[in-house]
Each structure stands twice: as structure tokens, then as C-alpha cells.
Amino acid sequence: MEKKSTRLRFSLLALCASILLAIGWALLPAKVAYAATTVTVMPDMPGLGISSEFAVQVRPAGTGAWTTVKAFSFTGSYANHMARVTADGPIDVQITRLAGNIGTYSFEPKRYSITPAVSANTLTFTASPLQKFAISWGSNADSWLTFVVEPVETNAPGPSDANVVNIANFVSDNTGATDVYAGIDKAINYLLETPGKSILYFPDGIYRTHSVELNLVDNVSFYFSAGARIVWDENSWGSNIFRVSGSNNVKFYGRGILDGTFRVHGGRGASGIGWWDGINMTHLSGRISNGLTVDGIWFLDTPNSPMRTEGGNNATFYNTKYINYGGIMNDNIVVYGGSNITFDESIGLASDDSWSAHTGAWGGFTSTYNVTFSNSTYISKGDGNHGGIAYGCNEANYEGGDVWGITYRNLSIPQFGQTLDAFNSPVNGKYGNFLFDNVQFTGSSTMTHTAFDHFVNLSGTVILNNMAFKDTGGQIAGNPSNKITDLYINNLKMNGTAINSAAQGGFTITDANNVHWNTGSYPTFTQAGADPGASDDSGVQPADLRQLQRRHADELVEPVRLALRHGRRRQRQRERPRQERQSERYGMERRRRHDQTLHPARSGQSRHRRNGCKAYGCE
């Protein structure tokens, strides 16, 4: 009887154990069962050579089969190398040095907290979608590989979708041998005039063009497939691959390349060549551009900056990549006036400033409000003597304006000329309400060899949270006539040491009313509404048209009337029956031919380009 009872107890215990085990398995986190990562090799970067310094292989994390990813390059002042792959989950990566074994190397950004395994001539590490890496061998500061794990595109259009205009139907050459601007111009006009069309699609190929002006156009998108490369071919000062002027809700997206071909044209200053941008957002005829999106694009070799705003509101730049040939004064991302602008998940290799927020000295637009730079990496050669984070007024004799409500978060800057740099003193404005959160200068300043190089002329609230410098020293200075209201310094590190006072860090603090050390918290800025000139220094006022009107009141009335009349006319055209529109187009064609006879120089100008001429008087 006792044996039976014992067996029964064991059976009950086994049953209970089985039940508990089943419950435990059911409660385990779902992440235990990973779906297999899909890795997709992206199309070649058309027109670029194969790297002789780097080789790249990838595989789904933990599996055995490696896939080769081509590394492309172009060489000038810098030797630039690029490799990219698409993945929907974690991948293993091998980066191989092709010219000998690895001694020292640079592997950025440090904020990922990834330490690669080193074996002979190979680095091995695990990466995730959206991560972007910069790698160089030894102490060579002029030769970097940019490796990007692209996330899978969502909602990408197809070339035959109902709302798509395919550029292939308007150009005869996609090899880059000839300039196809005329075809791009016709395609844009067709897009604007055809109901139901909203996307201009660039399939794989090379499209050589000069500046594409988008004047007073709304609700259009440009999609660039991964194998598409737009090659800029205009040898002039102040031009852009795409300029968005007085336009609303314009989008550039995909995985294609906008190539400024700085290396081809011989550099800025040669034969009168000047600055040009990849995408420039600005105002026109008193109308401020509103609503710009740039998503996923690669930029190569634009000697001024890949992305710039000169008077524009509500812009988002996401998952952008910028690789430059070299040359003095080449910036990464620049804001010259505007509000509510976000740059997120980018990587840039260039020569000068990384993320700049300025008053609009060159754009004719005064102030900059509510700008966020986040989750990004920038490597600068420091040719322009700057190469760090810049802010302020870019012309000493300019009337001034505010740079207010600027956030720098999760940024890595391993190579630069200066860390923090104020451009000139504010005349009628203020620079303040700055938040620096987890910003890491992992290299040393090549200019001053100090941590706070030229961090001056500050007002309002300034927050330094989790900042790291390799150097010590420098200055934090308020504007003597408009001091820092509150300065918060939390978890500051210099050369690996936690800093608890200015004296310990070897720097000075002046013109600050209240300094708060290691409070563990900081206030949140009010991001809209109040005038930044208010006594509490807590508000941020979006930039508006009034600032521009004060400067150009006599010039605005007639151009604005023309712009509004053009917009109303386009709306009426879309609402009228097709037969009436065709009749009017016939009349317009007759007038165009007559106009061409009288003014042959105008014959190459498209309608959206002529709108700008009306405003600026170039006709």
C-alpha cells in the first residue's frame, strides 16, 4: 500500500512539474523565437568604381552563409568608400582590409556601444537596420568607409502605379551621357497638370541635369529607386540640384543618389565655381515653403551642403547619407531661417560644420526656431576651421535674428576642427534655449584643443546632459546684454573623467545667472507660442512671413498677387471639363509660339521655372 502511495505521489509531482513547465514556456518572452532575417543586396551605385581598400560581407545574424556586398568609392581630397545592404533584422558584418592586416582602426559611432572582433585583416560585428557606420584604418583621417544597413522600404511606389509619372517616358538617355533636364522639366509639368498624378518616379539609371527649380508647386513627390543617380551638371554659383521655392508639401524619397559632382568640376573657386546644395528649401514671392520631407536619400559631393533651408517651415529629413569629395567650407546640414525642422538618423562625411542653425543672412529670412538634430554621426576634416556644431549669425553686418529652441540629441562627432562654435554676436536677436543630450565629441579639436571651443553669446536656458569630450578647457559664456538664465550641466565627462565643477574641467562660465550641476533632471522647453523676447525666456515662436515683409515690403505685393493668381488659375484648370482645357492649351500653344518668335531666349523655360522669373525679374 505504501509503494502504491509513493508511486501516486511521484505521478502527481510529475504531473504538476509538467503543468508548471508548460506554463513557464508559455510565459517566456516572444523574442526567444526570432524570425529569420532577410538580407537583400542593393543595386550597384551607378557610375562609381569599386573600392580597393575595403571588402564587405554580410549574413543573417548567427547563420553560416556569407554574402558579398560591393563597396564603391570615389577619390579626391578624401578617399570615400560606401557599402549598403537592406535587412529586416539583425545581421553579422565582416569588413576586410584589402591592404594588409589591421593594426589600429577607427570604428564609429561610439554611441552604438559595439566593439567589433578583430582577426588579422577583418572586423566582425552585428548590426541592425537603420544603423550607419564609419570605419577607417590606422590614423588615416581622409579615407573612410560608410556602411549602412537600410531598413526595408515601406509604401514604395511602383513605376506603373496610377498616381506615378515615370521619368523613363520623358528622357531618352539614362546613362548620364547627355543632359536630360528638358525631359525632367516636361515630366514635372505633366505631373502638375494631370489630375491624379502626384509622384515623379526615377528608375535605376544615371540622369544628368542642371538645377531643377520647383517654384510655387504643391503636393508633389520625387521617388528615386536604389539604382538611380541624379548627376548635377551646372557650373554656377548658388545653384542646387533641387530648389524648393515657395512650395508646400514636397517630398524626396527612396534609396537613390543625388550627386553634386564637385570632384568633376574641379572644386570651389576653380573657374568661378561656387556653392551649390543637394536640396534647398527657401521662400519665393513672399511665400514661405511649408512641408518638406527628405527620406532615405544618399547625397554625394555637394560643395556647400546636401540639405539646406533658407526660410522654410515644417521640414523633416530622415535616414539621409552624405559623402563628400572634400574642399574647404563644405558643410553637412544647414538651417538658415525657418521653424519646426527635424534631422534624424543621418550620417555625414565632409569638410566643415556638422549641424548648423543660423539666422537667415543669405536666405533673406531672419530667425530659426524649433530645430532638432538627432541620432546622427558626422566626420569632418575641419578644412573650414570649424567642423563641429555651429550656430549664430553668419554675417557680422547682418541685422540679426534669433536662433532659439535647438535640440542636439544622440550625436557622435569623432573628427572636427572645433566642438561648439558661435558665429558672430547677435545684433537684434538671441541665441538660446539649447539642449545638448548625449552628444559625444570622441576625437580632439584640431583648432583649439579644448572642449568648449567657442561656446558663447548664449541666452535663455542652456542644458548640457550626458556630454562627452576628449579634451578639457574652453569657455561657456552668456551674452553680456542678455545672459544665460539657467545653465544645467549633468554627467559631463572630459577625457573619460566625470566633471563636477568648471574648475575641475579647466573651463570658465561667465554671464550665467544660475548654474545647476548634476541635478539629474532638466526643464522641458515650451516649443511654441511665446515670444523669445519674453522675460521668462522659455518660449519659442515659429518664424513667419512678417519678418520677411519688414525687409521687402515694397517688393512683395505684386509677386504675391502673381503667385495667388497662378494658383487659382491652376485650380480652375483642373476643375474644368477636358475639352475646355484642351481648347485653352491650344490657345496657350499659339501664344507660346508667338512668344518664342519675339523672345527666343525664353523658349527653354518651363512654367514652374517662369513663375520664379516673374518674382525675381529674370525675364
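**Loop residues and an antiparallel sheet in a predicted model**

Gln131 lies in the loop that links strand S10 (122-127) to strand S11 (132-137); helices (H or I, at least four residues) and strands (E, at least two) are DSSP runs, numbered from the N terminus. The model is predicted, so local features need pLDDT of at least 70 and side-chain atom pairs count only at pLDDT 80 or more, while totals for chains, interfaces and linings use all residues. Residues are numbered from 1 along each chain as its sequence is written, and side-chain values use heavy atoms, with hydrogens and water left out.

Gln131 has a relative accessible area of 16% and is therefore buried (buried means under 20% relative accessible area, exposed over 50%, partly exposed in between; 1.4 Å probe, protein chains only). When neighbours within four places in sequence are set aside, Gln131 is in contact with Tyr112, Ile114, Thr126, Phe147, Val148 and Val149, where contact means heavy atoms within 4.5 Å.

Leu130 is located in the loop between S10 and S11. The relative accessibility of Leu130 is 17%, so Leu130 counts as buried. Its phi is near 85°, a positive value in a residue other than glycine. Asn466 is also a residue other than glycine with a positive phi, here near 55°. Asn466 is placed in the loop between strand S38 (452-465) and strand S39 (468-469). With a relative accessible area of 30%, Asn466 is partly exposed.

A cis peptide bond, with omega about 5°, connects Glu108 and Pro109. Pro109 belongs to the loop between strand S8 (105-108) and strand S9 (117-119). As background to these backbone angles, most residues other than glycine have a negative phi, and most peptide bonds are trans.

Five strands form an open sheet in the order S4-S3-S7-S10-S9, with antiparallel pairing; two strands pair if DSSP finds at least two bridges between them. Strand S4 (67-69) and S9 are the edge strands, each pairing on one side only. From one strand to the next, the twist averages 25°, with axes taken as lines fitted to C-alpha atoms, for helices over the stretch in contact, and angles running from 0 to 180 degrees between N-to-C directions. Within this sheet, strand S7 (residues 91-97) and S10 run antiparallel and are joined by 6 bridges. Asp92 has Thr126 of S10 as its bridge partner; Thr126 is also among the contacts of Gln131.
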